[in-house]
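Please walk through this protein with me, from one local backbone detail out to the whole fold. Keep the model open beside the text.

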Amino acid sequence: ETESLQKQYEELAELDKKHFFHPSTSFKQQQADGPGFIFTEGKGIYLKDIRGREVIDSLSSLWNVNIGHGREELAVAAMEQMKKLAYSSTFATNSHEPVIRLAAKIAEMTPGDLNYTFFTCGGSESNDTAFKTARYYWKMKGYEKKTKIISRGKSYHGVSLGASPATELFPFRDFPGLSQEHLYVDSSIDALKELIEREGAETIAAIISEPVQGSGGVNLPPSEDFFKEVREICDQNDILFIADEVINGFYRTGTTFGIDNFGVVPDMLVFAKGVTSGYAPLGGVVFTDRLKEELTELTEGNFYHGYTYSGHNTACAVALKNLELIEQEKLNENVNQMGAELLKGFKYLEQTHDEIGNIRQIGLLGAIEIFKDRDTKTTFEEPLAPKVVEEALKHNMIGRAIIYEGQDTIAFAPPFCITKDEVEKMISIIDTSLTAVK
Ligand code: PLP
C-alpha cells in the first residue's frame, strides 16, 4: 500500500512541477524538490498528506483555519447554500440573505460605529478597497493631494498592486517598484509625527496598521497607548486610520478584534482569513457610520468599485456558520485558556534554552526568538529558526520561521480547538528540535 501511495504522490508531483505556479515559493526549490506535502485531509490541528503522514499545523495553515480542519458543519452549510443558490450578483441594488445577515453580524461584533461592510475575497483585495476608498473620500471632499498611505515597519498587508507597496517587509514590497505613494514609519509616535510633519498632512490619506503584527514576527505595539496616540494624531491631521485585522480578527488575539485590546475604533477595519476559517475565500472592509454617511452625501451616482465575488453567497453562508460554531462551542474562550498554556510553554523553553528570548503571546498568537546571546540580543550569523522548523518537521509538526530583517523567530498560531495536551506536544517538539540543532 505504501508503494501505491508513493506512486500516486510521484504522479501528482510531476504534474505539480510542470503546471502549478506556487504562491510565495522559490522556482528553483519547486523544480528541484517538488511538493513537500500533497495534503488530502485534515482534522482539528492535524493535516494528512497523500502518503499517509499526519502533521501538526501549528500556524492554522496561513493563520486562518481558526476553527480547525475537517468541520463537517461548514461543508453542510456550503452544500445547503449551493443547492439553493451558489452565487448571485450583489452589484447595484441586488442582494441576498447570507450577505445581509453576515454584514449585520459583523456590525454587532466590531467596536464603535463600524457598521457598514464591503465584501471581497481576501486580505489584499480588502486593503486595495480601503486605500482606494480613502483616496476617493479625500478627493470627493476636495483634498486632491491627500493620497499617500503610511504603514509601519515589519507590516504585511498583502501582495496586490495596491497592497504590496503598503507591505513594509522588504522582500514582498520591493520588486515591483511601486512605493511612490507609500510611506513607512518605525513603531514610534515621535517618528510618526516627524514623518507627517515632513510630508505634510495635506498629502496623507491614511495610516494602516495591524494591531498585532503577524507575518513581521508577531509584534505587539510598543506601548499600551500606542494606538490611542495614533488615533489622536489621525484625528488632529485629518488622516484616516485603517486597522488591518486580517490575522487578528475574529478572536485570534483573545478579544473579538485585535484593536479591542487597545480601546480604539478605526475608521476602517479590514478582515479576511478567520471570518470563514479558510473554508471559503472571503474578506472585507468595515466602515464607520460617519464614513458611510459622508460617502453617501459626497457621491452622486455610482461608486465604481466592486468585485464579481463581493459578498459571495456560499462564502457568506460558510462565514455565518463558522462564527456561530466558534461562539456556540466557546472556542473564543479556549483561545485565552490555551493562550495561557502556550505562554507557559514559552516560559519553559526560555528556562531550558539560553538561546530563547523575547517571548510574546496574545491569545493564540505567539512567538519566540532565538539569540546567540539573549542578554545583548545578538543573533546567530545564520538564523537558527529555519533549522529548528526543519527538525520539527521530522517530528511531524509544520512550524513557521520568520527571518526577515535579522529576526530569528518561530511563530505560533494554532487552531482555536487545540487542547492542553496538543499545546504541550508542540512545545515539546520545539524543545527537542532546538536541542538537536544548536
Ligand atoms: N493583511 C494581513 C495582516 C495579512 O496577514 C495578510 C495575509 O497574510 C493580508 C493582509 C493579505 O491577505 P490575502 O493573502 O488574503 O490577500
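**A walk through the model**

Ser61 sits in helix H3, residues 60-63. Helices (H or I, at least four residues) and strands (E, at least two) are DSSP runs, numbered from the N terminus. This is a predicted model, where local features need pLDDT of at least 70 and side-chain atom pairs count only at pLDDT 80 or more, while totals for chains, interfaces and linings use all residues. Residue numbers start from 1 along each chain as its sequence is written.

Ser61 is not a glycine, yet its phi is positive, about 65°. Ser61 counts as partly exposed because it has 19 C-beta neighbours inside 10 Å. The classes are set by other C-beta atoms within 10 Å of a residue's own: 20 or more is buried, 12 or fewer is exposed, and in between is partly exposed, with C-beta atoms placed from the backbone.

Lys154 also has a positive phi, near 65°, and is a residue other than glycine. Its place is the loop between strand S5 (148-152) and helix H7 (170-173). Is Lys154 buried or exposed? Lys154 has 23 C-beta neighbours inside 10 Å, so it counts as buried.

Now step back to the domains. Domain 1 covers 37-70 + 330-437, and domain 2 covers 73-328. These bounds come from an automatic or database domain assignment. The two centres, taken over C-alpha atoms, are 27 Å apart. The contact takes 26 residues from domain 1 and 25 residues from domain 2. Here, contact means C-beta atoms, placed from the backbone, within 7 Å.

Look at the side of domain 1 that touches domain 2. H3, helix H12 (331-352), strand S11 (356-362), strand S12 (365-370) and strand S15 (409-412) each supply at least two residues to it. H12 gives the most, with five residues. By type, this side holds 14 nonpolar, ten polar and two charged residues. Ala, Val, Leu, Ile, Met, Phe, Trp, Tyr, Cys and Pro count as nonpolar; Asp, Glu, Lys and Arg as charged; the others, Gly among them, as polar.

The largest nonpolar core has 105 residues. Such a core is a set of buried Ala, Val, Leu, Ile, Met, Phe, Trp, Tyr and Cys residues joined through C-beta atoms within 7 Å. Ala206, Ile207, Leu240, Ile242, Met268, Val270 and Ala319 touch the most other members. Helix H11 (residues 313-328) gives the largest share of this core, eight residues. Both domain 1 and domain 2 give residues to this core, so it lies between them. Take Ala206: leaving out residues up to four places away in sequence, it touches Phe131, Ala134, Ile149, Ile239, Leu240 and Ile242.

Turn to the ligand. Around the ligand are 16 residues, and Gly122, Gly123, Ser124, Gly158 and Val246 come nearest. A residue is near a molecule if its C-beta atom, placed from the backbone, lies within 6 Å of it. Helix H6 (residues 123-140) gives the most to this shell, with three residues. The shell divides into five nonpolar, nine polar and two charged residues.

Finally, the whole fold. The protein has 14 helices and 15 strands. Its C-alpha trace spans about 65 × 60 × 45 Å along the principal axes. Buried residues make up 46% of the 438 residues. Of the contacts with a separation of 6 or more, 72% join residues 24 or more positions apart.

How values were computed. Contact = placed C-beta atoms within 7 Å.
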